[in-house]
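Please look through the sequence and the model shown here. The paragraphs after it go from the whole chain to single side chains.

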Amino acid sequence: MEARLDKWLWAARIYKTRTMAADACKNGRIAINGAQAKASRSVKAGDEVSVRKPPVTYTFRVLQPIEKRVGAKLLPDILENITPPEQYEVLEMHRISGFVGRAKGTGRPTKKDRRALDDFTAPEFLDADFDEADFADSFQPFDFDDDDDNA
């Protein structure tokens, strides 16, 4: 018995949709027995399917080629996870490393930056009693040319 690769990846719950599985094949993220595979390639029992989901490459052995999606409890009958432990260590290191900072001044402001902006534009820093009419009446422009005043 054989099944299409994209259907098997979806049925085995490796990808959420068949379209996502087909796109992964198209982008070269899926290999069968070490060779890149198209979505239409057939898988059969005993094949090793490698799925690259950065930063990890998962490896599965096909036990049963199916095209109908099954419940998660039935997955041990469908595939065997033979991913090396080193890959899981890479995944754990990636999780621990967390968010890599951005260059200062690029992208959206951080929460700290936003709070500083909010504090700066808060009403207590703005003069609520300011009246432009009063300012215009009392404003005396500065005369830069002092020589003309004496003449």
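What follows describes the elements of the chain, then the sheet, then the aromatic residues.

The model is predicted. Its chain holds 6 helices and 7 strands, and from the N terminus on these elements run β-α-α-β-β-β-β-β-α-β-α-α-α. Of the 151 residues, 24% count as buried. The accessible surface of the chain is about 11600 Å², and 54% of that area belongs to carbon and sulfur atoms. Among the contacts with a separation of 6 or more, 45% are made by residues 24 or more positions apart.

The sheet comes next. It is open and built from 5 strands in the order β3-β2-β5-β6-β7, with antiparallel pairing. The edges are taken by β3 (35–36) and β7 (79–81); each has a single partner strand, so one side of each is left without a neighbour in the sheet. Helix α4, residues 85–97, packs on this sheet and touches β6 (56–62) and β7. The direction of α4 makes about 145 degrees with that of β6.

Within the sheet, strand β2 (residues 30–32) pairs with strand β5 (residues 48–53) in the antiparallel sense, over 3 bridges. Ile30 of the chain stands opposite Val51 in β5, and Ile32 stands opposite Val49 in β5. Strand β5 also pairs with β6, again in the antiparallel sense, and here the pairing covers 6 bridges. A hairpin through 2 residues joins β5 to β6. Lys53 has Val56 in β6 as its bridge partner.

Lys53 also has a side-chain arrangement to note. Its charged end sits over the ring of Tyr15, at 4.6 Å from the centre of that ring.

The remaining points concern contacts between aromatic rings. How many aromatic pairs does the count come to? The count comes to 2. A pair of rings is described by the distance of the centres and the angle of the planes. For Tyr58 and Phe60 these values are 6.4 Å centre to centre and 15 degrees between the planes, and the pair is stacked. The cut-off for a stacked pair is under 30 degrees between the planes. Tyr58 and Phe60 belong with Tyr88 to one aromatic cluster.

Is Phe60 buried or exposed? Phe60 has a relative accessible area of 9%; because buried means under 20%, Phe60 counts as buried.

Technical notes: Residues are numbered from 1 along each chain as its sequence is written. This is a predicted model: local features need pLDDT of at least 70, side-chain atom pairs count only at pLDDT 80 or more; totals for chains, interfaces and linings use all residues. Side-chain values use heavy atoms; hydrogens and water are left out. Two strands pair if DSSP finds at least two bridges between them. Helices (H or I, at least four residues) and strands (E, at least two) are DSSP runs, numbered from the N terminus. Contact means heavy atoms within 4.5 Å. Axes are lines fitted to C-alpha atoms, for helices over the stretch in contact, and angles run from 0 to 180 degrees between N-to-C directions. Rings of Phe, Tyr and Trp (its six-membered ring) pair if their centres lie within 6.5 Å; planes under 30 degrees apart count as stacked, over 60 as edge-to-face and the rest as tilted. Buried means under 20% relative accessible area, exposed over 50%, partly exposed in between (1.4 Å probe, protein chains only). A charge sits over a ring if NZ of Lys or CZ of Arg is within 6 Å of the ring centre and within 35 degrees of the ring normal. Accessible areas come from the Shrake-Rupley method with a 1.4 Å probe; for residues, only the protein chains shown count as cover.
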